[in-house]
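Work through the exercises below with the coordinates open. Each gives a task and then a solution in steps.

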Amino acid sequence: MGQTNITDLRVGRDSLNGLGKEIGKFIVTTMEIPWQLSKDKLGGNPENVFMIESMEESWLNDLVAAVPACDAVVGIGGGQAIDAAKYISWKKGIRLVTVPSIISVDAFVTPAAGIRRNHEVAYVGSSTPNPLVIDFNLLRTAPPELNIAGIGDLLSIHTGSFDWEYAESRGQSEYPFSATDVAAGRKILEKIYPKLNAIRENTDEGLMAIVEGYMTMNTICLPAGHYRIEEGSEHFLFYELEERLARPFVHGYIVGLGIYLMSQLQGNQFDMIKNVMDRVGLKYHPVDLGIRKEDLLASLLNVKNYVASKPHLWFSVINDSEITEEWGLKAMAGLRF
Ligand SMILES: [Zn+2]
C-alpha cells in the first residue's frame with residue numbers, strides 16, 4: 001500500500017477484545033451507545049471516559065485541558081468520537097487508537113480531525129492510529145443500512161472522476177490532471193462491485209471491502225492533496241440541499257441521491273450505477289432522506305447558480321449544463337418521495 005495514515009491494523013471478529021490491557025494508561029472518547037457496546041470488550045481501566053457532546057473547537061479545547069496524564073486516547077464510535085480522539089492525540093502528542101463502531105463515514109481513515117470552528121467545518125492536525133481496530137462483531141451492532149452508507153463516498157468515484165475528466169477536457173481542472181489516479185479510483189469500484197451482496201449483508205468480507213476501499217482511496221488522494229476523484233457534482237448538489245434545508249443527512253444516502261441525478265446529467269452509465277446502488281441497498285431515495293419533491297427540484301434548478309457562487313467548488317458538468325424544470329422532473333421520475 002502507498003501513502004496512507006493507516007500503518008497498524010487490527011482486524012477480526014472481536015479484535016477489540018482485551019486491547020485496554022495492552023496500551024498503558026488511557027482515556028476514551030465515545031458516545032453513550034458505542035460505549036455500552038464496547039466497554040466490556042475493551043477491558044482495562046480507562047483513566048477517564050469522555051462523552052463527546054460537541055465538535056466545536058472551544059469545547060474540544062476544554063476537553064483537552066481536562067485530559068489527565070496518560071499514554072493513549074481511544075476513540076470509539078462514529079465520526080465525532082473518532083475525530084475528537086484524533087484531535088486530543090494531536091494536541092497532546094499521545095498515542096491514538098481508533099475503534100469505529102460504524103463505518104458510515106470515513107473519519108477512521110483520514111489523518112485530519114474534522115471539527116467545527118464557529119459552526120463551520122475545519123480540518124486540523126494529522127494523526128495515525130496505532131492501531132485502527134476493525135472489529136466485525138462490533139460493527140455489526142450498528143444498523144446495517146448505516147454501514148452500507150459507507151459505500152457512498154466510494155461510489156462517488158463514478159461521478160467525481162467523470163467530472164475531473166470533464167473539467168480537464170475543458171481546460172478547467174484546478175489540479176494537474178492524473179489519468180493514473182482516475183484509473184486507480186476506478187479500480188476501487190471494480191473491486192467493490194463483486195462484493196455488493198456481502199456489503200448488503202454486512203459480512204466480514206463486505207465490511208472489509210468498504211474499509212479497504214477507503215484505505216486505497218487515501219493512498220491516491222493524500223499524495224495528490226485533494227479528493228477530486230471522488231468529489232464532484234454529486235457532492236455539490238448535496239451541499240446545495242444542505243444549505244437549502246439547513247439540516248444534516250446521512251452522508252452516504254445523500255451522496256447516493258447526488259450520484260443518481262448527476263450521472264444522468266453526465267450521461268454517465270446511469271442504469272449501471274443505479275443498479276449498483278439498488279443491489280447494495282443504499283438508501284438514496286428522497287423518502288429515506290425526508291426530502292420533498294419541490295425542494296429537490298428547486299435545488300436542481302439552483303445548483304448551477306450555487307456552484308458559481310462558491311469559488312472553492314471545482315469545475316464539473318454542472319457548470320456547462322442548463323438544468324430545466326422539464327429535465328429535473330424527468331431525472332427525478334424514478335425516485336420515491
Ligand atoms: Zn463525501
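**Exercise 1. Classify the packing of H6 and H9.**

Solution. H6 and H9 are oblique to each other, because angles under 35 degrees count as roughly parallel, over 145 as roughly antiparallel, 65 to 115 as roughly perpendicular and the rest as oblique. The angle between helix H6 (residues 152–169) and helix H9 (residues 204–224) is about 55°, and their axes are 9 Å apart. Axes here are lines fitted to C-alpha atoms, for helices over the stretch in contact, with angles from 0 to 180 degrees between N-to-C directions. Helices (H or I, at least four residues) and strands (E, at least two) are DSSP runs, numbered from the N terminus.

Before going on, note the basis: the model is predicted, local features need pLDDT of at least 70, side-chain atom pairs count only at pLDDT 80 or more, and totals for chains, interfaces and linings use all residues. Residues are numbered from 1 along each chain as its sequence is written, and side-chain values use heavy atoms, with hydrogens and water left out.

Next, list the contact, meaning heavy atoms within 4.5 Å. H6 contributes Asp 153, Leu 154 and Ile 157, and H9 contributes Ile 210, Gly 213, Tyr 214 and Met 217. By class, the contact of H6 with H9 has five nonpolar residues, one polar and one charged. In this scheme Ala, Val, Leu, Ile, Met, Phe, Trp, Tyr, Cys and Pro are nonpolar, Asp, Glu, Lys and Arg are charged, and the others, Gly among them, are polar.

**Exercise 2. Which residues have the most contacts inside the largest nonpolar core?**

Solution. A nonpolar core is a set of buried Ala, Val, Leu, Ile, Met, Phe, Trp, Tyr and Cys residues joined through side-chain atoms within 4.5 Å. Buried means under 20% relative accessible area, exposed over 50%, and partly exposed in between (1.4 Å probe, protein chains only). The largest core has 71 residues, and Phe 108, Ile 151, Leu 257 and Leu 261 have the most contacts inside it. H9 supplies the largest share of this core, 10 residues. Apart from this core lies another of 20 residues, among them Val 73, Ala 85, Tyr 87 and Ile 94.

Not counting residues up to four places away in sequence, Leu 257 touches Leu 241, Tyr 284, Pro 286, Leu 289, Ile 291, Leu 296 and Leu 335.

**Exercise 3. Is strand S4 covered on one face or on both?**

Solution. In a regular strand the side chains alternate between the two faces of the sheet. In S4, both faces are covered: Ala 72, Val 74 and Ile 76 on one side and Val 73, Gly 75 and Gly 77 on the other are all buried. Six of the six residues of S4 (residues 72–77) are buried, so the strand is largely enclosed by the rest of the structure.

Now find the partners; two strands pair if DSSP finds at least two bridges between them. Strand S2 (residues 26–30) runs parallel to S4 and is joined to S4 by four bridges, with Val 28 opposite Val 74. Six bridges join S4 to strand S5 (residues 95–100), also parallel, and here Ala 72 stands opposite Arg 95.

**Exercise 4. Locate the backbone exceptions.**

Solution. Most residues other than glycine have a negative phi, and most peptide bonds are trans. The peptide bond from Asn 130 to Pro 131 is cis, with omega near 0°; Pro 131 sits in the loop between strand S7 (120–124) and strand S8 (132–135). Asn 118 has a positive phi, near 50°, and belongs to the loop between strand S6 (113–117) and S7. Asn 118 is exposed, at 64% relative accessible area.

Ala 246 also has a positive phi, about 50°, and lies in the loop between helix H10 (233–245) and helix H11 (251–266). With a relative accessibility of 64%, Ala 246 counts as exposed.
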